[in-house]
Amino acid sequence: MHGQIMDAVALIGQNYGFLPTRGSIMIDFVFAAMFGIILVLGVSIYLVRYQRKYQLHKWIQIVVGLVLLVAVIAFEVDMRMFTNWRELAEPSPHYQGGLVDISLGIHLCFAIPTPVLWIVVIWRALKRFPNPPIPGDHSVSHIFWGWLAAVGMLMTAVTGWVFYYLAFVA
C-alpha cells in the first residue's frame, strides 16, 4: 500500500495528468473541459435561436464566461509557475521539427482574442439589452459578434485539441 501511494505521489510530482498521455493535470483538464464548453455553447445558441429563451441564454453565457475566466487564469498560473509543458512535449516526434510550436502559434491566434471578444460581446449585451433581455436595436450587432465569438471559441478548442495531440499524445 505504501509503495502504491509513493508511486501516485511520484506521478503527480512529474506533472502527469488524469488522461493516459504526457499532459499535466491542468492541461488534461482544459483539454477535456473544452468538449463541455463547446457543448454548452451549442445548447445556449440553440436555446436562444430556436426556443427564444433569452434570459436562459444570458445566464448561460455569463456563467460560462466566468468559468472560462477562472479556468484561463488557473491554467496560466499553472503553466508559468508549476508545469514545464515543453518538458512533457519533448518526447513527441513533432516537437523537434517545430510542428508543436507551429500548432501552438495557430492555437494562440484564436485563444488570445476570443476571450477578449467574448467579454466585449457579453458587456455590450448587458448594457444594450433590457433586463429581462428581448430582441431590440442591438440584436443584429449582437448576433454578428456573438457568432464570431462562438466560432472563435470553436477554433480555440479545435486548435487546442490539435496542439494537445501533437505535444502530449503523439
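These legends describe close-up views of a predicted model.

**View 1. Ser 24 between two helices.** Ser 24 lies in the loop that runs between helix 1 (2-13) and helix 2 (25-50). Its relative accessibility is 2%, so Ser 24 counts as buried. A polar atom of the Ser 24 side chain lies 3.1 Å from the backbone nitrogen of Ile 27.

View 2. His 107 belongs to helix 5 (residues 99-111). This histidine is buried because its relative accessible area is 14%, under the 20% cut-off. Leaving aside residues up to four places away in sequence, His 107 touches Thr 156, Thr 159 and Gly 160. With Thr 159 there is a polar contact, side chain to side chain, at 3.0 Å. Leu 41 is 66 residues from His 107 along the chain, and their C-alpha atoms are separated by 19 Å.

**View 3. Phe 31 stacked on Tyr 164.** The model has eight aromatic pairs. In one of them, the ring centres of Phe 31 and Tyr 164 are 4.0 Å apart and the planes meet at 20°, so the pair is stacked. Phe 31 lies in helix 2 and Tyr 164 in helix 7 (residues 139-169), so the pair ties together parts 133 residues apart in sequence. Tyr 164 counts as buried because its relative accessibility is 4%.

**View 4. Arg 49 over a ring.** The charged end of Arg 49 sits over the ring of Tyr 50. From the ring centre to that charged end is 5.5 Å.

Conventions:
Residues numbered from 1 in each chain as written. Predicted model: local features only at pLDDT ≥ 70, side-chain atom pairs only at ≥ 80, totals over all residues. Heavy atoms only, no water. Helix = DSSP H or I, 4+ residues; strand = E, 2+ residues; numbered from the N terminus. Buried < 20%, exposed > 50% of the residue type's maximum accessible area, 1.4 Å probe, protein only. Polar contact = N/O pair within 3.5 Å; in protein donor to acceptor, adjacent residues only side chain to side chain. Contact = heavy atoms within 4.5 Å. Phe/Tyr/Trp six-rings, centres within 6.5 Å; stacked < 30°, edge-to-face > 60°. Lys NZ or Arg CZ within 6 Å of the ring centre and 35° of its normal.
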